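Hi everyone, thanks for coming. Let me walk you through a structure that may be new to you.

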Amino acid sequence: MKATVLVLALGWAATAAAGHRVAAVSPLNVPGIPPRGVAGDPQWAPDGKAVSFELLGAEGDTEEVYLADVLDPGSFPPRLGTAATVVPRAAKDPFALRTQNKVTVSEGLSWAPPRGKGRPVAVAATREAVERGAPQVSFDIYLAEPGRKRFLTSSGENDAHPAYSPDGDYLAFSSGSTGQGDVYLYHFFAKADPLTQITFEPAGSEIFPSWAPSGDRLAFTGHLGNVDHIYVIDDVKKLAAERDPARRRSLARSLTRDLTPGWKSSCLAPSFSPDGKWIAYYARASADSGADLYVVPTAGGESRRLLADGLPELRRGPRWSPQGDGLFAVKESADRMNPLVWVPLTGTPRELATGTQLNADPFPKRIGDTLYLLFTAQGDAEGGQKRWRKPYVARLAPDRGN
Amino acid sequence: MERRLRPLLIAAALALAALALPRPGWTAAYESLVEQGSFYLERGATYGADAVRALEKAEQESPERAGTDPKFLAALARAYALTSRFTEAYWVLDRWERLGALAPVGEALRARLLSESGLGRLRLSSAVPVGRITARLVPEEEERIEVTARKALDRLGELLARGLELTDGGVTLLVPEGRYAIACDGPLLYAPRDPTSVEVWAGDEGAVRLVAAAPDPAGWTISAGNRTVSLSWPPIAGAAYELAREQGQGERSTVYRGAEPTFQDAGLPVGARVRYVLKTYGPQGDLIAVSSAEAQTMPPVSRLAAEARLGADLRVTVSWTLGQGAADRVRVVRKGPRSEDVVADVQERDAILKGSVTDGPFTPAAEKLGLTYRVEAWVAEAEAASAEAEAPAEVPPLVERVTSVTQGVERGAVVLQWDTLPREGVAQGYAVFRQRGEGIVGELVGRVEDPFAREFEYAVEDPLKASEWRHFVVPYLGDRYLLDPEDVSFGGQVPEETLERRAARGRRPPNLALAWDAAPGAAGYAVKVGEGKEVFVKRPYLEITGLQSALMATTHEVKIYALDVEGRKKGLVTVQIQYEHYPRVGPKEEEP
């Protein structure tokens with residue numbers, strides 16, 4: 001017994017030593033954005049040379065995705081260039097049959113893998129001006145890169161949650177064009193129709209597609225009735241290659257697995273670990289309970305809770321560390337003002353002392369030898385401006401378990 | 001007359017005025033087609049091709065009007081863009097902009113094309129005009145071409161196949177992003193004819209430099225010598241040149257780099273066919289043109305003419321003229337019965353093409369001497385002559401004697417003419433003697449240094465007296481007079497009376513009386529005077545007359561041989577006889 005306790009204690013100590021601590025934290029100065037507004041979903045570009053984030057207008061009537069180049073990667077905080085919206089404002093389309101309008105709502109940016117000279121991104125955006133909260137909003141998938149800006153879809157229903165495949169050849173997204181919401185693939189190099197439907201539940205909706213790092217699997221949240229499960233499609237490109245819709249539907253059934261069978265309530269956006277062996281997701285046991293952070297083996301098996309009462313990340317699912325040994329999350333705690341936490345795959349979650357409050361949207365990125373963490377926060381814990389959610393950046397260092 | 005003409009003139013003026021006025025029918029057709037095109041445009045992409053057709057027809061209807069009509073240009077640009085003919089849309093916008101500023105819709109369209117359509121600009125340019133070219137643009141990774149770009153690529157391919165006129169040194173294409181192999185073709189184009197890889201990025205600009213096939217080979221000035229080729233070509237301002245020579249099995253070597261459009265290549269083999277490749281580089285060092293031309297150095301001379309002529313100095317002059325071609329030396333060879341002698345080996349450049357050499361002098365002999373000269377033209381390091389010709393010459397036989405001397409006195413001069421035996425015979429010259437009287441020693445009047453001479457004249461003070469003189473013409477060779485061998489005669493086996501008695505009787509004694517001891521066993525004897533006459537005697541005694549001349553001193557060699565029964569000679573005695581000549585010193589008026 002004593003030996004067991006000793007081993008467990010030693011194991012805990014070793015695990016606790018493999019963590020992160022905040023070495024420095026700073027607000028991110030982003031030239032060119034309105035001073036008032038709510039920032040969300042900050043992301044690093046895959047090459048670490050640009051950042052993106054959403055900005056909800058101060059009046060709540062606009063939401064746009066911004067991009068800014070990192071001018072001096074070695075500096076801390078990173079010095080950014082003037083931010084610009086992904087979707088150009090007052091874009092003129094001489095060929096539009098409809099009246100030209102400003103695009104005012106864009107969200108859910110997905111970065112393509114680095115390719116040549118450009119950094120392609122995809123967002124869900126409206127073609128026509130809408131007011132936030134308007135009863136009818138139609139999002140389409142918008143592609144932007146140097147020399148190319150266009151809508152990829154125009155279904156008339158909402159197309160959202162774009163997600164680039166790791167090789168950049170495909171873009172997965174959810175579309176309401178057929179039923180409640182199905183996952184589609186846009187193949188950039190298709191010989192004919194680039195769009196392919198890959199989920200077919202007529203009474204349910206499949207949303208939040210997420211690619212495995214290998215590019216052969218796709219996870220998504222399937223909502224049916226009152227419950228949401230995490231599903232994974234094995235060999236998604238084989239499915240996409242099947243051009244006959246009936247055969248594809250049949251093949252989809254055989255390639256799709258439910259990783260949370262029997263789950264009784266909500267699962268939210270999934271994300272694969274960097275090694276592809278795990279899928280993390282938030283789930284609520286009930287509508288009244290908090291969102292807990294779970295991991296489940298990609299190959300199937302029991303889900304394991306890593307963090308209770310987390311603040312769910314909706315855009316792209318939970319944020320894995322680049323090493324895949326854990327996740328960065330936000331602990332929903334009124335007392336602690338929603339601190340950022342490091343959630344190891346094995347071990348106890350540890351709070352990250354950023355000195356900020358009401359944190360959200362952690363996005364880790366290793367650039368060179370340094371691990372950075374983008375996040376949003378509503379000001380410093382000790383004082384200063386607290387009204388608007390701003391982007392922050394932290395530089396992390398290994399935690400030796402002091 | 002005037003009254004009848006007036007109506008005709010008025011009618012003609014009205015007709016001319018009507019022709020000068022713009023016809024309403026033409027304008028209406030153009031306008032109608034432009035309106036039609038705009039109508040189709042408003043109906044969207046489905047009618048894009050119809051819009052293009054109508055607008056292109058409008059341009060054919062009135063090209064001048066279309067070129068300056070912003071409404072037409074705007075509609076055409078939109079129609080081209082709508083039908084994925086993005087490059088042509090871009091060109092129309094350029095035309096529109098040259099009229100003045102683009103309207104906002106034009107600016108928006110151009111921004112759309114360049115920044116939002118996934119197209120990159122690819123500029124094909126040439127520093128030297130290449131005229132009209134066609135091109136093929138083939139994706140290197142077909143499967144990596146986006147589905148939305150395929151139609152644009154097809155339309156672009158059609159445009160390139162129709163041909164492009166590179167004005168102002170270049171043309172810009174709008175190309176979907178991707179990696180391509182581009183190959184061009186055109187009569188004035190050198191490269192790239194083989195597929196060349198080019199990468200196009202959306203929103204970015206790339207370039208393909210075309211290399212012209214220039215200058216036209218017909219524009220080169222080429223002058224070929226034996227081993228040199230002089231080249232010049234039309235210059236290009238600011239250009240630098242690199243000239244390479246190709247010979248034999250395609251071996252190429254650079255022979256010139258510089259800014260001058262001219263070069264002389266030296267040290268080439270004769271008759272060599274050489275190809276020159278000229279590369280022209282622009283001020284930035286980029287290759288802008290390539291041209292080539294061929295030249296051939298002069299082949300070895302293959303014809304020559306030669307002539308050999310015997311001169312008055314008994315020397316043979318061999319002259320030649322070479323035909324067109326290269327030669328480094330001329331050899332003149334005298335062919336003999338058993339050997340050949342090189343008379344001359346000429347290598348001076350100026351003397352090769354046309355020259356002469358002299359051989360001799362030749363000494364006439366009893367028989368005429370036939371000579372054959374072979375003139376050879378050689379190229380250095382050749383194994384054989386490239387051309388040769390033979391020229392015969394003949395040295396006539398030696399004069400034996402002068403025959404039939406005729407003399408006359410004309411106009412205060414004595415004129416002598418003579419023949420020789422043989423008639424064509426030659427000597428080095430002829431000495432003319434005169435004898436003023438019988439028995440008087442002759443005196444030398446003059447010499448004719450001409451082997452072929454047959455006459456002589458000299459002035460006299462007293463033609464009458466001169467007419468009585470006797471003249472003798474004696475050929476000579478060197479310092480030897482060729483006396484008439486017939487003058488020498490033999491006689492008297494045994495003297496019957498003494499020479500004194502004979503002289504007293506008035507019978508001229510011989511010049512020489514020979515007696516010798518009999519040789520044991522001799523069947524007879526042979527006596528030879530000089531190289532000429534020979535006589536056979538039985539007894540050891542002979543008288544010889546004619547050895548002495550009243551004209552000149554003479555020298556004779558008399559040889560005596562003993563003959564055995566079989567006629568074999570054995571030398572017994574050799575006698576050298578020399579007669580001196582003492583010219584007579586007479587009255588002064590008689591002296592020549």
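I'll start with a term: buried means under 20% relative accessible area, exposed means over 50%, and partly exposed is in between, with a 1.4 Å probe and protein chains only. R127(A), at 25% relative accessibility, therefore counts as partly exposed. The C-alpha atoms of R127(A) and V137(A) are separated by 9.6 Å, and the two are 10 residues apart along the chain.

A quick word on the source: this is a predicted model, where local features need pLDDT of at least 70 and side-chain atom pairs count only at pLDDT 80 or more, while totals for chains, interfaces and linings use all residues. Residues are numbered from 1 along each chain as its sequence is written, chains are lettered from A and ligands numbered from 1 in the order in which they are written, and side-chain values use heavy atoms, leaving out hydrogens and water.

Now over to chain B. L5(B), at 40% relative accessibility, counts as partly exposed too, because it falls within that in-between range.

Next, the cavities (sets of points on a 1 Å grid over the protein atoms alone, where a 1.4 Å probe fits but cannot get out; lining residues have an atom within 4 Å of a point). How many cavities of 30 Å³ or more does the structure hold? There are 3.

Technical notes: On a 1 Å grid over the protein atoms alone, a cavity is a set of points where a 1.4 Å probe fits but cannot get out, and a pocket is an open set with protein on both sides within 12 Å along at least five of seven lines; lining residues have an atom within 4 Å of a point. Grid points are joined across faces, edges and corners, and a volume is the space filled by probe spheres set on the points.
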